[in-house]
Structure formats: C-alpha cells, structure tokens
Amino acid sequence: MFKTLLLKEWKDKAPIAAFGLALEAIFLAVFLIFGGNRDLRELIPGGFLIVFPFIGLILGAGAFESEFRDGAWAYLLSRPVRKETVWLAKLVAPLSVLAGLWLVFIGLMAVVPGLSDVVLSFKLPDMLESGLAFFPLILLSSLFFFSIAFSFSVLTDKQLGLVLGCFLLGFVLEGILSFFAFLAGGREMLTSIGRFPGLDVFGLALVLSSLAFLAAALVTFLKSDFSQPKVKAKALAKWCFLFLAAAWALSATWPALRPGPKEEFASGIEVAGNEVVLSTNRGLYRYDLARERFKRIVRWRSEYPDSAVGGGKVLYVLGYDRPEGPSLWVADMNGSGKKRLVGGGGQEGTQVLWFQRIRLSPDRRTAVFLYEEVSYTSPRGHQMSLASIGTDGTGFKKLLFGPGLAGAGEDYSWVGILAWLESPDSLLMVAGIRKGPTVRDRPRTVLWRYDLSSGAQTKLIESPVPVSFVPDPAAKSALSFSRRDLASPMEVSILDLATGTSMPVMTVERPKGSLSSSIVSPVWNRDGDKVAFLIRHDDDLLTPAVYLLKERRLVSSDDVRIQESRESASLGWTADGLKIILADPSGHSLRITGPDLAWKRTVPVPTSVSKNFAACPAGDAVLVSDYANVAVWRLDLKTEKWKKIW
Amino acid sequence: MSDLLRVEHLSKSFSRQAVLRDIGFALEPGRVYGLLGRNGEGKTTLIRTIMGVIPRDSGVISFKGLPVTFGAADYKQEIGYIPEDSFFYGGLTVGELLSFNGRFFHKWDARRAADDLKRLALDPAAKVRTLSRGQQLKLAFVVALAAGPQLFVLDDPTSGLDVPTRREFLRDVIRALADGGTAVLFATHLVHELECIVDHLFILHGGRIVLDAAFEQVKDKARRVVLGFDGEPLAFPDPPNLLVRRRAGTDVELVVYPWSDDGERALRSAGAARFDVEPLGLEDFFAAFVCDGRKSRE
C-alpha cells in the first residue's frame with residue numbers, strides 16, 4: 001500500500017521534479033558558457049543554490065494539495081490503509097524528489113571539471129556573514145524549509161501564501177537559531193564552516209527543528225479532524241511549539257553533551273611528591289598505589305592541560321573553550337574543595353588569554369603563574385604578567401619581574417619559573433632575552449632569584465647562549481647544559497643555585513639536535529644527590545650517564561645502548577634512589593640498572609604495549625604509559641609481573 | 001444474528017457544540033438501514049466517525065465484535081463507502097483510479113469493476129475531474145462494490161443521479177446487496193427513496209437517535225388521525241404517544257406513534273363529528289418527527 005501511495009505521490013510531484021531538473025540543466029549551460037568569467041563564475045553557484053530551499057518549499061507546500069483541490073480527504077482517509085502509511089508516503093515522495101535533485105547536482109559537481117571547486121568554495125559576501133560556507137548551509141536549509149512547508153500543508157491548499165509564509169517563517173527561525181548558535185559557540189561570529197564554534201549547534205538545531213516540524217505534522221495528521229481547519233491549525237501550532245521547544249532545548253544542551261575528543265594522555269603518569277597522577281585531555285587522575293585504582297579529581301576538556309600537584313593540593317587551569325576565557329583553580333587532591341582563584345572574566349574589559357608555568361609554593365599557600373591578559377579598554381593590548389595569589393583566593397598580586405635584566409631594545413623571548421627555592425617566598429626564574437625580533441637573534445639566558453616578599457631579584461647566571469636548567473627536587477642544584485652553536489660541543493655542568501657557581505660534568509663533543517634532544521630525560525633522584533640522563537651520540541643512539549654529586553663523579557656506560565627510532569627513551573629513579581629505569585622503545589623493554597650502571601636487567605614490556613611508551617617508577621612498581629593505546633601498565637618490581645591498570 | 005457494526009455512547013462535538021450525543025445502534029448483515037435526519041443534524045459526521053475519517057470524542061465502535069480505534073485500517077477492507085461530496089483525485093483517469101483502489105482491497109473484483117464501468121458507460125480513459133457529478137457517483141458505486149464489502153455506507157449520494165439510475169441502484173443494487181448478506185446504511189434526506197428498500201429506520205435529531213425501529217413497525221404503528229368538529233373544536237386531552245397536533249379550521253389533525261387501542265379509545269371519546277384514521281407515509285412520519293416540531297398546538 002505504501003508503494004501504491006508513493007507512486008501516486010511521485011506522479012503528482014513529477015512536474016516539480018522536471019522543473020528542478022530543467023533549472024539544473026540551465027545552470028549547467030550557464031556555467032559552461034560563462035564559467036571563464038571570473039565574476040560570474042563565483043556568482044553562478046550562489047545564485048543557483050538558493051533555488052533548492054525554494055524547491056523544498058514548493059515540494060513541502062504541495063504535500064496535501066490534491067486532497068484539498070479534489071476534496072479527496074474523506075476518500076483518502078476512508079481507504080483501508082493506516083494514516084501513518086499515508087503520511088509517510090506523503091513525506092517520502094517529495095523528500096525523495098528533493099534528494100534526487102540534490103544528487104543530480106552533486107553528480108554534476110563530480111563530473112563537470114571545476115564545478116565542485118566553485119560551488120564548495122563559494123561563500124556569502126563579507127557584508128553578510130563573512131566566509132560562511134554556503135553549500136552545507138543551503139543543503140540543511142532546503143530540508144528545513146521543506147519541513148516547515150510540509151507541516152503547514154496540512155492546513156491549506158493556498159500554495160502561494162503557503163510558500164511565502166513558510167519562507168518568511170523559515171528565514172526568521174534560521175536567524176533565531178543562528179543567534180542561539182552564536183551564543184552557544186562562545187559569541188564568535190559565523191566566520192567559517194570549520195572554525196565557527198557554534199556551527200554544530202546551528203546544524204543540529206536546523207536538523208532537529210526540521211524533525212520537529214515533521215513530527216508536528218505527523219501528530220496533527222494522525223489525531224486531528226481534517227474537516228475542522230481551526231482545530232487542525234490549533235493542534236499544529238501546539239505540536240510545533242512543543243516539538244520545537246524540545247528540539248531547541250536539545251540543541252542548547254548539545255555543547256554540554258557532545259562527545260569530546262577521544263581520551264588521550266596529556267603527559268602520561270607522573271610522580272609529584274608523594275602523588276602519582278595522570279593527566280589526560282579530559283581531566284587529572286590520581287592513582288592510588290595501594291588500591292591500584294585511578295580516581296578523577298579534576299574534570300577538564302583541554303588538549304594541553306596545565307596543572308601543578310603537591311602537598312595534597314592541585315593547581316589547574318580550566319576553560320580555554322569558554323567564552324569568558326580560562327581560569328586558575330585549586331582543589332584538594334581528593335577532588336574536593338574546588339575553588340576558582342583568578343580569571344574567567346573577572347575584571348570588566350579584560351580577559352585572560354592563557355596561564356603558564358603555574359606553581360604551588362612548598363607550603364601550598366601561594367600559587368604563582370605567568371599569564372597573558374588582553375584589555376579591550378584603554379590602554380588596549382596584550383600584556384604578559386607574573387602574578388601570585390593565595391590558595392584561599394585572596395591576595396592577588398601582579399609581580400614585576402626582571403627589572404634591569406632586559407636592556408634597551410631587548411625583549412623577553414620566553415620566561416619560565418623553574419622552581420620555588422627553600423624559602424617559600426623565593427622563585428627561581430629563567431628567561432631568554434632577545435635583542436632583535438628575528439629568530440636569528442639568539443636569546444641570551446638569564447637565571448635569577450626572585451624574592452617575592454621584598455621584590456629583590458638576584459641574577460645568578462647570565463649566558464650569551466641558550467641554557468637548559470633542570471633543578472633538583474629541593475632546588476639546591478641544577479643540571480645545566482648549553483652550547484655556543486649547533487656545531488659546538490655541549491657543556492654539561494652542575495650549578496649551585498645558592499651561589500651561582502658552576503661545576504663541569506662533561507663535554508659532549510658531537511651533540512645531535514637541539515639542547516633537549518642532546519641531553520635526554522634528565523632526572524634527579526629524590527635526595528637530589530644524583531642526576532641521570534641520556535646522551536645522544538647519534539641520531540638514534542643513546543647511552544645513559546649518572547652524575548654523583550657527593551663523589552663529583554660521572555658514571556657513563558657505553559654497554560647500555562639504546563637504539564631510538566621515532567619514539568623517545570626515558571629515564572626514572574625508583575623511590576629508594578637505588579635503581580634507574582630506562583624505557584627502551586626500540587628494545588620494547590625496560591632496562592633496570594643501578595646508579596653505577598654496573599648491574600643490569602632487562603624486562604620486556606607486554607607485546608600489546610606500543611613502542612610509544614614512557615616509564616615512571618612509583619613505590620615498588622614501575623608505571624608504563626602507553627601513549628598510542630592510551631593505556632597504563634604496572635610492573636611489580638619484586639615479582640616482575642605486569643598488570644594493565646588503565 | 002450477531003451485529004456487524006455496533007456503535008455505543010458515541011459523542012462528537014465541534015468547537016464545544018455537541019453534534020452527536022450518546023449515539024448507540026447496531027447493524028446486522030443482510031438488512032438495509034435508513035438514517036434519516038434534517039440537514040446539519042450530524043448524519044455525515046456520524047458516518048465519517050464510523051469510517052475513521054474524523055476522530056470521535058468518546059464512545060465505542062465495534063466491527064464484527066472487535067472495537068476499532070480512530071487509526072484502525074483493516075476493518076475498512078469490509079466497508080464500501082460513498083460520501084455525499086466530490087470524492088476522488090481528479091488528476092487520475094477512471095482506469096487509474098480503479099487500479100489505485102484495487103491495491104488497497106484484498107477482495108477487489110477487477111472483473112466486476114470492468115463490467116460495471118461498461119454497464120454504466122464510464123470511459124476508463126477519462127480523467128475523473130472531467131466526469132459529471134452523476135458519473136462520479138456512478139464511479140463511486142463501481143469502486144465501492146468492487147471491494148466486495150460486508151457493509152455498504154452511503155452518505156446521501158443519490159441526489160446527483162438521474163431518476164432511472166437512482167431507481168436502478170435503489171431497487172436492484174442495494175436490495176441485491178442486502179439479499180446477498182451485505183448490511184447497508186443509507187443516510188438520506190430524500191426520504192421517499194427509502195420506502196421501497198429499507199428494513200430499519202434511524203432518525204437522528206438534536207444529536208441523538210430519536211427513532212430506532214423496524215420499518216414494518218413504523219408502517220404498522222404510525223397513524224394520522226383527523227377529528228372533524230361541526231363548530232369550534234372541543235377541548236380534549238392528548239392521546240398517548242402523540243407526535244403532532246395541528247388545527248385546520250374545525251378539524252384537528254394528530255400524528256401518533258405508536259398507535260394503540262388506548263389512544264383510539266381516548267380520541268373517539270373527544271366528541272368529534274368525524275373520526276378518520278389512516279396509515280402514515282414515511283415522509284410524513286419523518287416530518288412529524290423532526291420537521292413540524294413535536295406536539296405543536298392549535
């Protein structure tokens with residue numbers, strides 16, 4: 001019966017289908033003739049695509065035309081066929097004609113050289129909605145306008161009035177929806193199909209609104225008395241209102257419901273003080289070593305999350321995806337006591353763009369951070385600042401840093417907070433200061449101590465070349481490495497942070513790559529008297545080395561050689577400081593050795609772990625982060641048994 | 001005999017104005033039911049409600065003992081329906097229309113449809129919208145009969161037919177259908193047409209079924225009584241079951257249903273010089289029920 005009804009409806013719609021095909025043929029002819037004219041070439045598709053919503057309107061408006069024109073309502077409804085079937089045939093026939101016309105047009109785009117480029121790249125003029133991709137908008141709009149006209153076609157056969165009225169209604173509704181999408185998308189304008197953050201909300205709202213109109217038409221058709229136009233109109237209005245409200249509510253909640261990107265590790269497993277944490281793009285997890293359980297303590301959506309953990313507290317940044325901008329938060333390590341400290345649209349006319357280098361003081365009472373702020377009021381512009389705030393949310397203070405460090409015409413290339421020094425009010429800071437604006441002007445490096453209470457800043461080191469510093473956990477010493485230029489040997493030394501004196505460790509004669517790729521994974525033991533690192537000898541050959549501060553002795557071993565391909569090797573100390581764990585991706589194993597690098601043992605990692613993994617000793621175990629598979633494995637160092645824990 | 005169609009407590013209103021109130025009746029196979037009512041009394045509404053064309057406010061409709069909902073479709077396989085107005089899709093040809101209908105009905109008799117077309121001189125190639133009102137009605141009969149219905153519902157359709165065709169349908173087709181076991185519900189305001197074919201009468205008035213009786217009973221028990229007085233009519237009490245009382249000069253005319261011996265005794269003692277009793281025709285009976293107003297006074 002459905003087929004019978006469908007055939008009859010298709011026959012009724014044949015003239016409109018023919019009309020649409022004729023328009024497409026005319027369009028093709030015009031494109032082939034005038035396609036060479038650059039101005040016309042851009043206007044032709046835009047002008048033509050507008051036809052589709054109108055065809056949608058005409059098809060929708062004519063859905064019940066024959067029943068009105070021929071007085072055939074009673075005939076149709078007294079046939080032994082369910083009303084749902086009738087409605088479906090009424091819907092499918094014109095919709096398939098519209099889809100068919102679209103398919104023909106898309107087919108033309110596929111076979112006519114140059115057509116798809118012109119159509120897909122066509123954008124509305126800047127005066128309207130700058131850069132909004134037109135093709136998908138028109139595609140959705142034709143469905144939207146069709147649905148509106150289809151739903152109202154159960155009320156009247158006045159085709160012209162129906163088409164015009166539904167066009168106006170659709171136009172107004174699209175305006176309202178785009179405004180909602182603008183709000184949902186972080187108040188960013190419709191700038192591009194890819195970048196407009198509210199585009200998915202707009203598209204979803206259009207599709208759901210279309211379904212709402214169709215559903216309203218269905219319920220009205222099933223329940224209402226065709227012989228009572230006013231009753232039918234009231235019923236349609238009621239159902240349209242209800243279904244549209246539901247559709248819009250669902251669209252409005254979509255930003256909160258939409259699935260985020262697949263969960264991926266941001267930094268893998270890390271040990272911070274006594275805490276083992278895992279940072280992903282969806283939040284920060286705390287790992288309970290005894291219970292072997294992860295618990296999410298902070299939820300976020302960020303590809304590059306920033307957090308600092310220690311002393312039972314966690315400092316973190318939220319809200320890069322929010323219109324009011326990011327904000328800095330603090331919470332207890334069990335996830336309770338969440339408190340916003342700063343940012344998130346606090347001050348009128350300004351907005352924080354980003355936070356960096358967030359640090360908790362050793363006593364956990366103060367947070368320091370770098371942040372960049374944009375001011376929309378006079379004086380307008382961006383400003384990077386160092387600031388501190390109490391973890392109770394009080395005492396926000398902007399801090400001047402590095403006065404006198406940068407000379408005239410110089411600028412900070414980068415600034416870092418390396419560590420809190422022993423005193424809770426002192427920071428160890430480092431900056432690259434560049435004389436000129438180009439990358440050829442290599443920045444000089446300045447390391448200085450910043451006493452927060454007095455504001456005194458004491459320069460510890462100034463080097464004419466870039467230097468990397470890796471301070472020990474107590475920030476008494478730092479491993480530093482630098483070189484004059486890419487062809488020079490690399491000098492590795494230990495810097496006394498109290499005095500600024502430097503003690504040479506070794507010279508790498510032919511270092512490869514940048515600073516961070518020449519000395520790989522430098523890591524101090526907990527007591528700060530040993531530092532281990534990997535030396536890159538060749539593009540893919542690494543050997544470990546350990547510097548023993550008390551003995552002032554460097555231990556290196558060419559016997560432990562790690563062939564590194566694309567994946568990175570890494571090092572870690574066990575909590576007792578007696579073992580070093582080397583993650584060897586090329587050997588797909590963990591190398592376990594002592595500080596003297598004499599004793600060696602190799603433990604293969606499970607075969608299901610990818611080569612892109614890192615190892616982090618924690619307690620009596622080693623936790624391996626498998627980045628490719630987003631998995632965490634635990635190796636019990638006593639039994640050497642593996643267990644997948646994430 | 002079991003009911004083919006049963007309607008119980010059916011009510012329907014438009015814009016809060018009740019059109020049908022607590023309607024109840026039953027149809028049995030093989031009988032012709034006349035549904036009489038003045039224009040606007042709700043005959044079409046009642047039939048459309050039965051056919052599931054419009055929803056009912058309340059009440060139960062059962063077909064072959066099974067209740068049918070507003071959206072039900074299967075029971076319509078057994079019903080041939082001819083409405084009062086223009087009906088079909090005008091863009092189809094007669095042949096296309098028959099083919100279109102044939103796909104809906106399981107018992108569709110294409111040969112009978114073709115024969116009927118020929119007999120009624122309808123051109124299969126003609127567009128439906130080019131047919132006259134009478135031809136469209138003939139086509140409606142062809143469509144309804146080819147479906148082999150157990151219930152045939154006609155909503156006042158014959159006014160558009162010429163006299164020979166109307167008579168042919170009434171006497172031959174409808175009677176033949178009923179004799180073959182089909183129940184026929186015939187709504188009309190052309191009351192006289194029913195007299196030759198009807199078995200049972202319903203009169204719809206004020207939204208209610210005010211008469212539900214076998215036509216034989218109506219013929220037997222409906223009487224016009226004329227009391228003729230030599231001068232000013234004497235006062236006398238209304239007889240039982242009086243429908244109409246009307247004065248014409250020195251005569252008093254009464255319509256009584258059902259006529260009874262008690263009524264006759266009461267009227268004969270009214271002191272009239274003349275006393276005439278005669279059976280009442282269906283048209284007069286219907287008029288007495290709904291048109292003249294019941295118990296109108298001198």
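Reply: Start with burial. Buried means under 20% relative accessible area, exposed means over 50%, and partly exposed lies in between. Asp529(A) and Lys530(A) are both buried by that rule. Keep in mind that this is a predicted model.

Me: What makes Asp529(A) and Lys530(A) a salt bridge?

Reply: The cut-off is 4 Å between a side-chain nitrogen of Lys or Arg and a carboxyl oxygen of Asp or Glu. The closest N and O atoms of Asp529(A) and Lys530(A) are 3.8 Å apart. That is within 4 Å, so the label holds.

Me: Why is Ala621(A) called buried?

Reply: Ala621(A) has 1% relative accessibility. The limit is under 20%, so Ala621(A) counts as buried. Ala621(A) sits in strand S31 of chain A, residues 621-626. Beyond its neighbours within four places in sequence, Ala621(A) contacts Cys616(A), Arg634(A), Leu635(A) and Leu637(A).

Me: Why does Lys107(B) count as partly exposed?

Reply: Its relative accessibility is 45%. That falls between 20% and 50%, so Lys107(B) is partly exposed. Its salt-bridge partner is Glu78(B), at 3.1 Å, N to O. Glu78(B) has a relative accessible area of 15%, so Glu78(B) is buried.

Me: Which parts does the pair of Lys107(B) and Glu78(B) tie together?

Reply: Lys107(B) is in the loop between H2 and helix H3 (110-119) of chain B. Glu78(B) is in the loop between strand S5 (66-67) and strand S6 (79-82) of chain B. The pair therefore ties together parts 29 residues apart in sequence.

Me: How do you know that Lys12(B) and Asp225(A) form a salt bridge?

Reply: Their closest N and O atoms are 3.3 Å apart. The limit is 4 Å, so the pair qualifies. Between chain B and chain A the count is two salt bridges. Eight residue pairs across this interface are in polar contact.

Me: What does the side of chain B that touches chain A consist of?

Reply: It divides into 18 nonpolar, eight polar and six charged residues. H2(B) gives the largest share, four residues. In total, the contact takes 32 residues from chain B and 28 from chain A. The area buried between the two chains is about 2600 Å², with 59% from carbon and sulfur atoms.

Me: Which residues have the most contacts inside the largest nonpolar core?

Reply: Phe105(A), Phe25(B), Leu139(B) and Phe285(B), in a core of 166 residues. A second, separate core has 17 residues, including Trp524(A).

Methods:
Residues are numbered from 1 along each chain as its sequence is written. Chains are lettered from A and ligands numbered from 1 in the order in which they are written. This is a predicted model: local features need pLDDT of at least 70, side-chain atom pairs count only at pLDDT 80 or more; totals for chains, interfaces and linings use all residues. Side-chain values use heavy atoms; hydrogens and water are left out. Helices (H or I, at least four residues) and strands (E, at least two) are DSSP runs, numbered from the N terminus. Buried means under 20% relative accessible area, exposed over 50%, partly exposed in between (1.4 Å probe, protein chains only). Contact means heavy atoms within 4.5 Å. Buried area is the accessible area (1.4 Å probe) that two parts lose on being put together, summed over both. A polar contact is a pair of N or O atoms within 3.5 Å; within protein, one must be able to donate a hydrogen and the other to accept it, and residues adjacent in sequence count only if both atoms are side-chain atoms. Ala, Val, Leu, Ile, Met, Phe, Trp, Tyr, Cys and Pro count as nonpolar, Asp, Glu, Lys and Arg as charged, and the others, Gly among them, as polar. A nonpolar core is a set of buried Ala, Val, Leu, Ile, Met, Phe, Trp, Tyr and Cys residues joined through side-chain atoms within 4.5 Å.
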